[in-house]
Amino acid sequence: MMQTDLTRSLLLIAPELIVALAALVALTGAMLMKRSRGREAFYIGIMGMLGAIAATVILYERLTLSTAFHGMIAIDPFGLFFRLIAYVSILYVLLMTMCSREMKDTQGKWELVAILSGFGIGMSMMASSTNLLMIYLSMELLSVMSYLLVSYRRGARRSKEAGLKYIIYGSIASAFMLYGMSMLYGIAHSLGLSAILTAFMDHSYSHITVYVATLFVLAGFGFKIVMVPMHMWAPDVYEGAPTPITTLLAVASKAAGFAVVLRFFYTAYISAVSMTNYYVNVSPVRWLLLIAVIAAFTMTIGNIVAIPQNNIKRMLAYSSIAHAGYMLIGLSVISKEAVSAILLYLTVYFFMNLGAFFIVMIVDNSLYSEDIDRYSGLSRMSPGLSAAMTVFLFSLTGIPPFAGFIGKVVVFIAAIDKGLYWLVIVAVINTVVSLYYYARVIKKMYLETPPEGVRPIKVGVLPALIIISLLVPTILFGIWWAPLQSFAHFSSFMY
Amino acid sequence: MTILPITLTDYLILSGALFSIGVFGVLTRKNAIAVLMGVELMLNAANINLVAFSKFTGPGVDGQVFALFSIVIAAAEVAVALAIVISIYRVTRTIDLDKEDTLKG
């Protein structure tokens, strides 16, 4: 019996096994092929990710809801959705790294592939875990890998400083989270998330303990989501890290944070009213109001501080804080629609944010600068790049007909459904504010003249293909979002 | 004189005190290594909690297993942190957190 359960469980984590295999091959390659310049490492990484994506899609198609490894992880559409996001984003980051000037002379490309694979496994386990121990382990796996990635450029002071700041903030946040988890364990007498729900139902707790434990655990999750007041690290780390890694943090790490926070609250704090589609908060903590207030602060601070920034990566860092705020609106109401709205927003955000960072990297490759001032007259140097950047930036603002608009609309509708009007009004005002700093870049690109003697920027075939692959969904999902919506709706199901 | 038995509350007070000392260290120290030591105290406070809850409530050993895992993870995290501290020391010749200020805005 034990044997069959183990085999079954191993089959259900086939994508992770493939990625782990890729990591092992990359590590072996690092030892054996000292002379190689590391191009082969990327091919192994890309093959591993493609294999993992295929395996995830097969699992998704032949889905039977179950738990694996004695209830440590759940196999459900929700987890599989985030596993898919994990591997697709790492695939893109690998492709980005191949095109990056910053990473070209970096030693240790084989190890880089292994570390990225570890990041992917951490993220997919984070989205699937239904046990406090498993959440902690996978989150630490993801964190330790991202500390390494941020400080990966040898001898680059900014990269090292970003890494140091990241690991210090990160380890403090995870220490708070662990303390909170230990209190929850004291309440529930078990590490399973469902045991916490049972303890809340039985009213066997003291109020103050639950409050403190929830706040502490939320601090750890909020660090990954980049929500105020756990946002201080983001601008520095995003600016200092190599651009492909910044993208990984902005897209994948944030998605992982949302996965774990949604799973945590929906499994441990919320119970479905029997025979209906309604959910109620059974914990003594009024965390919905707390999240709503945090969401308002997160988007306001993100948008206002983004305005005076002159480094485009730093500006996009603040903009990603603001986007975390918009997504948190979906968490401050409980309904199935809200979960699927967050998933849809994350998908859309994935394409448009990745696209914006990718173009920042391509521009940096030829202009050696990340200053917004250097974008003056970019439309003369490369009309294609500036047109694509305009689409991504308008989509990030939330202007129709681009996908970002649909993302915002579904989240706002989910909040209006539950009568959270004030938060939606704050969000709409914030959207208007955000137009200012996004449009500033567009104005620079189109209305200002380039400095004398600039040459046109050449974009290679691979970067061009990558940009198109991101551009198409950003435009397509803005016009024809029904398939995405039904996919998000189906994926919002948790076991 | 009677010796009172050690109760769950005593453990929790100990871990609360340890956690607070850790937070104090993290907030007041300027040296990167000292901050990491503060974090270590916070993690160990949580470990004490886990083991104490495991001993006093219920039959399982979940908490003790968790504590073991968290000790291992803490070691891995400190190894990475120290590696980063060394590599930044090679560039800047300091590990004072107030002096790491190239990134701001």
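The structure is a predicted model, in which local features require pLDDT of at least 70 and side-chain atom pairs count only at pLDDT 80 or more, whereas totals for chains, interfaces and linings use all residues. Residues are numbered from 1 along each chain as its sequence is written, and chains are lettered from A and ligands numbered from 1 in the order in which they are written.

Chain A contains 20 helices and four strands (DSSP runs numbered from the N terminus, helices being H or I of at least four residues and strands E of at least two). Its C-alpha trace spans about 75 × 60 × 40 Å along the principal axes.

Helix H10(A), residues 233-240, is largely enclosed by the rest of the structure, because eight of its eight residues are buried. Among them are Trp233(A), Val237(A) and Tyr238(A). The buried residues of H10(A) pack against helices H6 (132-150), H7 (157-188), H11 (243-268) and H13 (312-331) of chain A. By contrast, Pro308(A), in the loop between H12 (287-306) and H13 of chain A, counts as exposed because it has 10 C-beta neighbours inside 10 Å.

The axes of H6(A) and H7(A) come within 9 Å and cross at roughly 175 degrees (lines fitted to C-alpha atoms over the stretch in contact, with angles from 0 to 180 degrees between N-to-C directions). These two helices are therefore roughly antiparallel (over 145 degrees; under 35 counts as roughly parallel, 65 to 115 as roughly perpendicular and the rest as oblique). Residues of H6(A) including Tyr136(A) and Glu140(A) take part in the contact with H7(A), where the partners include Tyr166(A) and Leu178(A).

Between the chains, 35 residues of chain B are in contact with 37 residues of chain A (C-beta atoms, placed from the backbone, within 7 Å). On the chain B side, the largest share, 16 residues, comes from H3(B).

Notes. A residue is buried if 20 or more other C-beta atoms lie within 10 Å of its own, exposed if 12 or fewer, and partly exposed in between; C-beta atoms are placed from the backbone. Two residues are in contact if their C-beta atoms, placed from the backbone, lie within 7 Å.
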